[in-house]
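Open the model in your viewer and keep the selection panel at hand. This tour moves from one selection to the next.

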Amino acid sequence: MAQAQATRGDPMKAQQEQPEPIQYGHVFAVTGDLAVQAIAPRDAEAMRTAEESVQGVQVPQASGGGFSAAVAMETAAAYNQAVGAVRPGQASDAATKQGITVTQTAVPGGRIVTEFVAGQVVGQYSVADQAMMQQQQLVEEDASKVTIGEAMEAAALSAGDRPLEETDAAAIRAAETQAQGEDKVMPGGLADQAWAAASANAWAERDEDKITVGDVLSDATTKLADDKPAAREDAARVVQAETYSDAGARTKAGGVGAAVTTAARLNKEDDDDA
């Protein structure tokens, strides 16, 4: 009887019977105090939340398998709680003091996702970004096309020293609107400069005192808030604006309407050849 009481009261034997918890060092290549701390439920929950907060990136298990720190930590924390090594809702000291984070770094064709506990890396994987790859492909295709801004610069060269008129200003406004992709113009932008030039030219008595198309449209691409490859619908809008007040509905030779129309035709031919 005395022997049985001694067995029940032996703290060393009770400690030996308790299963060893899964520590960070058992699962991840970490060092120091973190390596010997048990993976706790609150740690796993925090990692899962951090992974889900990374916008636009699926962690591996969400796309059909693979490794992520949250999966390993959730499994380990569930075991540790089952054997009594940690309490429900408990967090490790290292995670509480130094935090759990997930970062992402953009690379060509995707992103590198890195996961940290207490400042040490516990997971890293690459995620292919199909949307980014498609966007990059579109950018490369667009780079070979003539933009609306470049078409206006071509008009600046072909129009030479021709004084800018109201029909030119109307065409420039339409071209700027189409290039920027919204139904408004930038204050002080090409359209405002063109209308101011047309108004001043109407009062100027000598041609040499008038502002030319080239004066306004030189370096047009740098004066636009945004630019895009010229398309047929862009050309149609510009030509309509340029010919609106012309009874003969004629575009000006070497003008903005003709330049955007030519650019749109070249871009269409490039698409057809692709």
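**Salt bridges**

A search of the whole structure finds eight salt bridges. A salt bridge here is a side-chain nitrogen of Lys or Arg within 4 Å of a carboxyl oxygen of Asp or Glu. This is a predicted model: local features need pLDDT of at least 70, side-chain atom pairs count only at pLDDT 80 or more, and totals for chains, interfaces and linings use all residues. Residues are numbered from 1 along each chain as its sequence is written, and side-chain values use heavy atoms, with hydrogens and water left out.

Select aspartate 168 and arginine 162. Their side chains meet in a salt bridge, 2.8 Å from N to O. Is aspartate 168 buried or exposed? Aspartate 168 is buried, at a relative accessible area of 2%. Arginine 162 is partly exposed, at 22%. Buried means under 20% relative accessible area, exposed over 50%, and partly exposed in between (1.4 Å probe, protein chains only).

Next, select arginine 206 and glutamate 208. The closest N and O atoms of this salt bridge are 3.5 Å apart. Arginine 206 counts as partly exposed, at 46% relative accessibility. Glutamate 208 counts as exposed, at 58%.

Move to helix α15 (residues 256-273). Helices (H or I, at least four residues) and strands (E, at least two) are DSSP runs, numbered from the N terminus. Arginine 265 and glutamate 269 form a salt bridge here, 3.3 Å from N to O. These two are four residues apart in α15, so about one helical turn separates them. Arginine 265 is partly exposed, at 44%, and so is glutamate 269, at 37%.

Now pick Arg48, Glu51 and Glu74. A network of salt bridges links them.

**Helix α5**

Buried residues in α5 include Pro41, Asp43, Arg48 and Glu51.

**Nonpolar cores**

A nonpolar core is a set of buried Ala, Val, Leu, Ile, Met, Phe, Trp, Tyr and Cys residues joined through side-chain atoms within 4.5 Å. The largest has 30 residues. Which of them touch the most other members? Select Met152, Leu164, Ile172, Leu190, Leu217 and Val256. Helices α9 (148-159), α10 (166-180), α11 (190-203), α12 (213-217), α14 (232-243) and α15 each supply at least two residues of this core.

Zoom in on isoleucine 172. Not counting residues up to four places away in sequence, isoleucine 172 touches Met152, Leu164, Leu190, Ala191, Ala194, Leu217 and Val256. Such a contact means heavy atoms within 4.5 Å.

A second, separate core has 26 residues, among them Val30, Ile39, Ala50 and Ala95.

**The strand pair**

Select β1 (residues 100-107) and β2. The two run antiparallel, joined by eight bridges; strands pair if DSSP finds at least two bridges between them. Threonine 105 stands opposite isoleucine 112 in β2. Strand β2 (residues 110-117) is mostly covered, with six of its eight residues buried.

**Confidence**

Finally, color by pLDDT, the predictor's confidence in each residue, from 0 to 100. The chain mean is 82, and 79% of residues reach 70 or more. Helix α3 (residues 24-27) has the highest mean, 93. Helix α1 (residues 2-8) has the lowest, 45. Over residues 1-7 the pLDDT stays under 50, and the model has one contact there beyond four places in sequence. Where pLDDT is low, the predicted coordinates should not be read in detail.
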